[in-house]
Every structure is written in C-alpha cells, then in structure tokens.
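Okay, thanks for coming, everyone.

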Amino acid sequence: MTTALLASLLLHSTGVGVPAGRLAHLATGVNVCRWFRFPEKSDDAHWAGYIGDDEMVMMRRMGLRHVRLCIAPQLVMTPVTGAPKEHEWGYIEKAIQRFLDHGLAVVVDMHNENRRDEADPAWESQFQNFWGIAAKRLSHFDPNRVFLEIVNEPVFDHKESEWKVLLPRLAKTIRASAPRHTIIASGANWGGIYGLQQLEPLADRNVVYSFHTYDPFPFTHQAATWAGEAVKPLRGVPYPSSPEAVAPLLPGLPEESRKMLENYGRERWNREKMTENFRQAIDWGRKNKAPLYCGEFGVFPVAAKPEHRANWFRDFGSVLKQNRVGWASWGWDEGFGFDRHRVGGKIVVDPVVAKALGMNLP
C-alpha cells in the first residue's frame with residue numbers, strides 16, 4: 001500500500017470508532033466465491049484445500065490485503081435452530097486461520113442469495129440465532145484482521161422498512177458475542193448505493209458500511225444470460241461511452257437492447273461520470289462520518305473487449321482510491337474479475353484486471 005493511501009485511510013477513520021489499521025487491511029481485496037458458496041464438490045478434500053497455500057502466497061504478493069470469504073448460509077446453518085453445522089463450520093474456521101497465517105485479513109461474508117428466506121420471519125429468527133453462536137466462535141480471531149459482514153446484498157424490495165428494523169437487531173446480536181470485531185453492514189435494494197443512501201447509521205460506531213456497484217450495467221453485464229433480456233444480445237460494448245462509440249452496434253438489435261445502448265452512449269460513461277456515480281455514496285459516508293467499503297464490482301468478460309475492461313477497472317479503482325474507499329473485486333475464482341485458474345499446474349489470473357487495478361503480476 002502506498003503511503004498516500006494509508007494516510008487517506010487514517011484520515012477517513014478519524015472519529016468513527018473503527019481503528020485505522022483495520023481500514024488499511026480493507027484497501028485491496030478479492031471475493032473468494034466458490035469455496036463455501038455453490039461448491040462444485042461437497043467433500044472433505046474440497047473443504048480443506050479448495051484454495052491452496054500457493055494461491056494465498058500469490059494473493060499477498062500481488063498486493064491484495066484481504067479476502068471476502070463468501071459463505072452460503074444454507075451450507076452452514078442447521079435447519080430450524082440456525083446453529084452452525086459443526087462439520088462445515090470447522091472448515092470455515094480453518095480457512096480463516098490459513099488466510100491469516102498468509103498475511104491476509106478476512107471479511108466473513110454471510111452470502112445469502114435466497115430471497116424467499118429474507119421474507120420469512122422464521123428464517124430471520126434462525127439467522128439471528130446463527131449469528132449469536134457464530135460470532136462467539138469467531139471472537140477468538142484477531143479483531144484487527146477479521147471482519148463480520150452481516151449479510152450479502154439484502155434486497156427487501158418495497159419492504160425496506162423491515163430491513164431497517166432487522167439490521168440493528170442482527171448487529172446487536174453480533175456485538176454481544178464479538179465485542180471487539182468490526183461489523184460490515186449495508187443497505188437494502190441489493191446493497192447498492194441507493195440502499196446505502198436510505199440507511200440510518202447504526203448506533204454502534206465500530207461499523208464499516210458496504211455498497212456494491214456494477215455500473216454501467218450495459219457494459220458490465222453485456223451478453224449475460226441471467227441479467228435480463230436487454231443485455232443478452234449486447235457484444236463489444238465500449239467503455240468509455242458516447243453516442244458515436246455505440247452507433248456501430250445499434251443496427252439489428254432488439255428495440256429494448258437498442259434503447260438501452262443508446263442511453264448508455266448518451267450518458268457518456270467515463271472517469272468523470274464514474275466519479276459522479278460514486279458521489280452519492282461518498283457524500284453519505286462523509287455526512288455520517290462512516291467508513292465505506294465497496295465489497296463487489298466487476299465486468300462479465302465473455303463479450304467485453306480487453307482494452308475496454310482495462311479502461312473500466314482502471315477508472316473504477318482510481319476513483320475508489322481517490323475517495324479512500326477499500327474494495328474487494330468479484331471475484332478471485334469467477335470470471336467477472338481475476339478469474340483464477342491453472343494452466344499446466346500453474347496458477348494464472350486475468351492480467352487485464354490485475355494490471356488495471358495496480359496489482360503485481362506473478
């Protein structure tokens with residue numbers, strides 16, 4: 001980390017109750033997506049060694065300071081009671097310790113993606129019970145390097161008032177069991193910038209506030225098959241954008257896709273526009289003297305040109321750095337970010353993303 005960034009993080013922490021050194025650990029990071037979330041295998045070999053020691057060494061040498069360890073609640077929560085499943089939870093604690101041993105801090109991210117659960121009062125009660133036990137189990141880890149993220153991307157669509165009630169309850173439960181650890185919280189509406197703006201800060205001062213953003217959507221999700229009909233046909237969408245840059249792509253597109261792309265061109269997305277997009281989150285953090293953290297961002301790479309992805313990641317990272325916001329790219333082991341894989345036994349990452357984010361290539 002540069003001296004300038006560390007100084008900025010120190011300034012940003014003043015008076016908010018989060019020790020400055022903890023914020024420094026959040027400066028650069030990556031999501032570990034598939035160890036305890038949608039695992040390809042569910043056996044002891046997977047739980048014990050999905051991320052090898054060589055990968056952890058590589059992460060640290062690249063310049064990453066932390067990992068956001070994504071954990072699907074249904075994988076580790078016992079039905080009815082919500083108590084952690086002893087077998088799986090034991091491997092999670094071992095994984096955390098291994099990351100710490102390799103100089104990487106850990107955000108323990110309860111990565112719920114089942115929207116029916118969050119609307120179920122029974123699940124909310126189970127989840128609160130889970131956190132009461134899990135936070136106690138995690139409390140022995142170094143509080144300067146282990147962060148407790150309440151839940152990933154709460155939605156509560158048109159029920160935001162319910163999240164405003166549940167969030168402080170969950171935070172209070174965690175704090176009772178882990179009095180020294182920093183909590184990471186986010187707003188409703190998929191944990192985005194709008195949800196953050198609507199959030200009333202918790203009374204607890206030892207909290208970092210997270211937001212996720214994949215803006216502009218026509219660029220970051222071009223050709224994605226799960227993200228709506230309009231983005232499916234998009235290919236080669238440029239960044240930065242302008243009406244002139246998108247014009248060659250418009251002929252032959254379905255009307256919905258064409259209108260989306262035309263609007264993207266008119267908005268003229270570039271570093272200045274990205275700065276403007278972040279400003280609402282930054283202003284919220286300054287107003288509430290609250291440290292911020294961007295826990296997810298990335299670009300679906302299937303149809304995006306490498307030079308355009310490089311432009312986007314470079315602008316994104318530089319704007320976060322300028323505004324003293326730590327980050328975790330999505331993801332280490334998924335294609336929106338570093339896309340770690342092995343070639344001939346050697347671990348490789350996407351050089352476009354690594355270089356654009358200022359990482360040291362192995």
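Before anything else, when I say two things touch or are in contact, I mean heavy atoms within 4.5 Å. And the housekeeping: this is a predicted model, so local features need pLDDT of at least 70 and side-chain atom pairs count only at pLDDT 80 or more, while totals for chains, interfaces and linings use all residues. Residues are numbered from 1 along each chain as its sequence is written, and side-chain values use heavy atoms, with hydrogens and water left out.

Let's start with the barrel. Helices (H or I, at least four residues) and strands (E, at least two) are DSSP runs, numbered from the N terminus. Eight strands close up in the order S1-S2-S3-S4-S5-S6-S7-S8, with parallel pairing; by pairing I mean that DSSP finds at least two bridges between two strands. From one strand to the next, the twist averages 30°.

Now look at strand S1. Eight of its nine residues are buried, so S1 is largely enclosed by the rest of the structure. Buried is under 20% relative accessible area, exposed is over 50%, and partly exposed is in between, with a 1.4 Å probe and protein chains only. On one side, S1 pairs with S2 in the parallel sense over five bridges, and Asn31 stands opposite Arg68 in S2. S1 also pairs with strand S8 (residues 326-329), parallel again, over three bridges; there, Val30 has Ser329 as its bridge partner.

Moving along, S2 (residues 66-71) and S3 (residues 105-110) are parallel partners over six bridges. Arg68 turns up again here, with Val107 in S3 as its bridge partner. Helix H6 (residues 86-101) packs on the sheet, touching S1 (28-36), S2, S3 and S4 (146-149), and its direction makes about 150° with that of S1. H9 packs on the sheet as well, touching S4 and S5 (183-186), at about 175° to the direction of S5. For those angles, axes are lines fitted to C-alpha atoms, for helices over the stretch in contact, and angles run from 0 to 180 degrees between N-to-C directions.

So what does helix H8 do with H9? The axes of H8 (residues 121-138) and H9 (residues 160-177) come within 7 Å and cross at roughly 25°. The two are therefore roughly parallel to each other, where angles under 35 degrees count as roughly parallel, over 145 as roughly antiparallel, 65 to 115 as roughly perpendicular and the rest as oblique. Among the residues making that contact are Phe127 and Trp131 of H8 and Leu166 and Leu170 of H9.

Which peptide bonds are cis? One runs from Tyr239 to Pro240, with omega near 0°, and Pro240 is in the loop between helix H12 (217-220) and helix H13 (243-246). Asn311, in helix H16 (residues 306-322), touches both Tyr239 and Pro240, not counting residues up to four places away in sequence. Asn311 is partly exposed, at 25% relative accessible area. Another cis bond joins Trp330 and Gly331, omega about -10°, and Gly331 is in the loop between S8 and strand S9 (341-343).

Last, two non-glycines with positive phi. His158, at about 60°, is in the loop between S4 and H9 and counts as exposed at 72% relative accessibility. Arg324 has a phi of about 60° too, but its loop runs between H16 and S8, and at 22% Arg324 counts as partly exposed.
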